[in-house]
Amino acid sequence: MSVEHFDVVIVGAGLSGIGAGYRLQTRCPGKRFAILEARPELGGTWDLFRYPGIRSDSDMFTLGYPFRPWKEAKAIADGADILKYVRETAHEFGIDRHIRFQHRVLSASWSSADGQWLVEVQTGADGETVQYTCDFLYGCTGYYRYDAGFTPTFPGANRFRGQLVHPQHWPEKLDYYGKRVVVIGSGATAVTLVPAMSHTAGHVTMLQRSPTYILSLPARDPIANLLRRVLPEGAAHGIVRWKNILLSLGIYQLSRRAPNVARHLFRKGAEKNLPQGYDIETHFNPRYQPWDQRLCLVPDSDLFQAISAGRASIVTGQIDTFTENGILLQSGQKLEADIIVAATGLQMLALGGVRLTVDATPVDPGHAFVYKGVMLSNVPNFAFCVGYTNASWTLRADLASIFVCRLLKYMDRHGYRTSVPACDPASLEPKPLLDLTSGYVVRAATNLPKQASVKPWFIRQNYILDMLAMKLGKVNDGILQFATGHRQGL
């Protein structure tokens, strides 16, 4: 039986995969491609997460695609609006016609003799296995497990008589009206859940081991809405997009270069939005420096407003044990709860869990280096998509797809069939892929690809420098090794 062949296979039909499809069909229109999606719907993160208040923690002028302006009034968008935007983009440009749903990629094996990948895929509800071949494989899977979030072992959890849920698996009909809710965590998910649930719950308590940095921004961008009224849509979108790129880059650079100044500004922002005399020192004074962990964004001060209105509160402390009616802290304080939400983070997963082999030798992502943050050392004709940690994911994802298209066109012009970032791993000092101290990052660091401190083996957290390198930098830089090669039988 013949195996269906594609020029390019994209793994994942989320925000990154749809963007990759657009770039591929517009910049490499002769390429035949397929997008393999494990889930029955497109949208990735925005189709998976269904917890109350789910929203972006980046503005949509930068999280959205540069080729399709964001038209809604809210710059900090709700999850449902983002999902609608991704789906409409896929339909408008015909990208959805290339998606094969319920196609979970299990493994991909590169054959130098054939000059192509053999991709093994589990399909449909019955789990039938099919195979495809492709010349180039592009992983747009994000970096966390879609089937399971991270829930630590809580002492006494089996004694709790209420309901314990994780945001990644939110029960469809969870009724929290008038109930006491404790949200464990202080990251982006927790600061989203607390104000959203507080409108109907009896009371919501955010239980954190330690504080995080929180920045409030308007949900609606007044400058964007003004420019939309006086300028053409494309021009307004471009101006606002660059305004927000420079703003986020400025906040990040300030945080890294003058952390005490940034810490003071974040603290003043909290003081401005909370009742006089509120214990900011305990609840909003993180132990780490700004941007050692990802900054949490709240639109229109909604978390602060929920606290000020008495609908929500923050408790900072360590859990001793769960009880029948809630949580007992090491301090002796008791938190009574009908529902406990473990907003305790994600489980990271390299390359979407796809097992790679090159000429029958398994690829260990944890011992590979990233080339320009797009390719893996010594792995031919393979790219993967990693976004920014200090700015919108899509900014870097789009640059990665543009670089992949440049690479494919360069190979076609010169008659090359293979490209591989050649590397002697022993010559590089490994550093974590993501420069964050967040628990979910630290837990997975050994299993993720590494970066180094020398070009091109690191990921910049700077869109402007990346844009110059990815769009204008030389493709044949002396690191990428090219070969003509031929498939057997041709």
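1. By class, the lining of the largest cavity has 16 nonpolar, three polar and no charged residues. Here Ala, Val, Leu, Ile, Met, Phe, Trp, Tyr, Cys and Pro count as nonpolar, Asp, Glu, Lys and Arg as charged, and the others, Gly among them, as polar. The model is predicted: local features need pLDDT of at least 70 and side-chain atom pairs count only at pLDDT 80 or more, while totals for chains, interfaces and linings use all residues. Residues are numbered from 1 along each chain as its sequence is written, and side-chain values use heavy atoms, with hydrogens and water left out.

2. The largest cavity holds about 190 Å³ of space. Of its 19 lining residues, Thr141, Gly142, Ala350, Leu351 and Phe384 lie nearest the centre. Strand 6 (128-139) and strand 21 (382-384) are the elements that give two or more residues to this lining, and strand 6 has the largest share, three residues. Terms: on a 1 Å grid over the protein atoms alone, a cavity is a set of points where a 1.4 Å probe fits but cannot get out, and a pocket is an open set with protein on both sides within 12 Å along at least five of seven lines; lining residues have an atom within 4 Å of a point. Grid points are joined across faces, edges and corners, and a volume is the space filled by probe spheres set on the points. Helices (H or I, at least four residues) and strands (E, at least two) are DSSP runs, numbered from the N terminus.

3. The structure holds four cavities of 30 Å³ or more.

4. Asp59, Leu217, Leu247, Ser248 and Leu297 lie nearest the centre among 27 lining residues. Strand 10 (214-217), helix 6 (222-230), helix 7 (233-257) and strand 11 (296-299) each give two or more residues. The lining has 16 nonpolar, six polar and five charged residues.

5. Helix 7 packs against helix 13 (residues 463-472) at an angle of about 120 degrees, with the axes 10 Å apart. Axes are lines fitted to C-alpha atoms, for helices over the stretch in contact, and angles run from 0 to 180 degrees between N-to-C directions. The pair is therefore oblique (under 35 degrees is roughly parallel, over 145 roughly antiparallel, 65 to 115 roughly perpendicular, the rest oblique). Arg241, Trp242, Ile245, Leu246 and Leu249 in helix 7 meet Tyr463, Ile464 and Met467 in helix 13, contact meaning heavy atoms within 4.5 Å.

6. Helix 5 (residues 188-198) is largely enclosed by the rest of the structure, because eight of its 11 residues are buried. Buried means under 20% relative accessible area, exposed over 50%, and partly exposed in between (1.4 Å probe, protein chains only).

7. Some backbone details deserve a check. Lys455 and Pro456 are joined by a cis peptide bond, with omega about -5 degrees; Pro456 lies in the loop between helix 12 (439-444) and helix 13. Asp300 has a positive phi near 55 degrees and is partly exposed, at 42% relative accessible area.
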